[in-house]
Amino acid sequence: MKQLLAAEFLKLRRSGMVWVAVLVPLFLVVQGVANFLRYRDTMFAASKRTEWEILYEQCVVFYPSMLLPLVITIILALLARVEHSQNGWKHLLSLPVSRSQVYLGKLIVGCMLVLLNLVVLGGGTIVGGVLAHAKGSVPYDLLLGRGLLAFIAALPMIAIQFVLSFRFSHIGIPLALGTAFAAPTIFAANSEHLWIFYPWTYPVMTLFGPGMGQFDKGMMMYGLAIVIFLLVIFCGLFEFKKRDMV
């Protein structure tokens with residue numbers, strides 16, 4: 001399994017997946033810090049929130065509802081495309097490894113790229129706040145803790161996009177489906193009772209929910225996220241073992 005993971009990481013060097021995982025959150029941080037500095041002495045001056053809380057909101061405002069689902073969709077579609085193109089599956093499955101190991105190895109790499117994306121966002125926000133001389137102590141639980149919780153909340157998205165990316169050899173299908181699933185997220189998140197049934201809202205509720213009245217189902221949401229992830233991955237693995245991969 002270690003050799004398989006090492007081979008998967010070598011493939012990342014020739015793809016643009018790492019750049020997608022790193023540059024998207026850095027762009028958000030730069031945009032968020034610029035907004036913070038621009039309105040620091042005007043619009044934000046009378047706010048009762050701390051400067052770190054304001055900076056955090058400016059950096060992540062579009063992230064959980066729009067960019068995170070798209071980043072997950074793109075990363076997992078590219079991860080599968082490496083094997084869909086140039087007979088990659090035939091070569092990979094001819095090696096002395098089981099299909100379960102191939103499937104789980106790909107999944108681990110995909111999860112690590114999504115986690116890298118969230119860590120860069122949190123770490124970049126901290127660096128941006130320090131450079132902008134934000135007042136007060138750094139709220140690590142807000143900037144890093146919620147990012148780790150958002151990873152758990154994003155597990156259903158990762159699982160569904162992972163299975164779709166391997167199920168369809170044409171990269172346009174998982175990209176189109178991922179974009180379609182992400183589109184109604186902001187509307188679903190504003191529903192007081194229905195958001196819990198739409199997993200794409202879970203990262204939104206994780207990053208903004210503590211300030212919203214309807215986030216009284218936090219523990220239930222994380223539990224559901226893990227259950228959905230395991231169910232989808234298990235069903236995907238069952239099909240992957242039977243499917244003729246070309």
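Eight aromatic pairs are present in this structure, which is a predicted model.

**Tyr39 and Phe44**

Select Tyr39 and Phe44 to begin. Their rings make an edge-to-face aromatic pair, with 6.1 Å from centre to centre and 75° between the planes. The label follows from the angle, because planes over 60 degrees apart count as edge-to-face. Colour the two residues by accessibility next. Tyr39 is partly exposed at a relative accessible area of 25%, whereas Phe44 is buried at 10%.

**Phe162 and Phe166**

Move to Phe162 and Phe166. The ring centres of Phe162 and Phe166 are 4.6 Å apart and the planes stand at 50°, so this pair is tilted. Both residues belong to helix α8, which covers residues 155-167. Phe162 and Phe166 are four residues apart there, about one turn of the helix. Are Phe162 and Phe166 buried or exposed? Both are buried.

Together with Phe162 and Phe166, Tyr103 and Phe240 form one aromatic cluster.

**Charges over rings**

Keep Phe240 on screen and show Arg99. Arg99 lies over the face of Phe240, 5.8 Å from the ring centre. Then select Arg167 and Phe168. The charged end of Arg167 sits over the Phe168 ring, at 5.2 Å from its centre.

**His133**

Go to the loop between α6 (99-131) and α7 (140-153), where His133 is found. For context, most residues other than glycine have a negative phi. His133 counts as exposed, because its relative accessibility is 62% and the cut-off for exposed is over 50%.

**Helices α2 and α6**

Show α6 together with helix α2, residues 17-39. The two axes come within 8 Å and cross at roughly 30°. That angle makes α2 roughly parallel to α6, since angles under 35 degrees count as roughly parallel. The crossing of α2 and α6 is right-handed.

To see the contact, display side chains on both helices. On the α2 side, the residues that meet α6 include Met17, Val18, Ala21, Val24, Pro25, Leu28 and Val33. On the α6 side, those that meet α2 include Leu113, Leu116, Asn117, Val120, Leu121, Thr125 and Gly128.

**Cys59**

Cys59 is buried, with a relative accessible area of 1%. Which residues does Cys59 touch, not counting those up to four places away in sequence? They are Leu28, Val29, Gly32, Val33, Leu121 and Thr125. Of these, Leu28, Val29 and Val33 are among the α2 residues that meet α6, and Leu121 and Thr125 are among the α6 residues that meet α2.

The C-alpha atoms of Cys59 and Gly128 are 9.6 Å apart in space, while the two residues are 69 residues apart in sequence.

**Helices α7 and α12**

Finish with α7 and helix α12, residues 218-242. Their axes come within 8 Å and cross at roughly 50°, which makes α7 oblique to α12. Display Leu149, Ile152 and Ala153 in α7, which meet Met221, Tyr222, Ala225 and Ile226 in α12.

Definitions and conventions: Residues numbered from 1 in each chain as written. Predicted model: local features only at pLDDT ≥ 70, side-chain atom pairs only at ≥ 80, totals over all residues. Heavy atoms only, no water. Phe/Tyr/Trp six-rings, centres within 6.5 Å; stacked < 30°, edge-to-face > 60°. Buried < 20%, exposed > 50% of the residue type's maximum accessible area, 1.4 Å probe, protein only. Helix = DSSP H or I, 4+ residues; strand = E, 2+ residues; numbered from the N terminus. Lys NZ or Arg CZ within 6 Å of the ring centre and 35° of its normal. Axes fitted to C-alpha atoms, helices over the stretch in contact; angles between N-to-C directions. Parallel < 35°, antiparallel > 145°, perpendicular 65-115°, else oblique. Left-handed = near helix turned anticlockwise from the far one by under 90°. Contact = heavy atoms within 4.5 Å.
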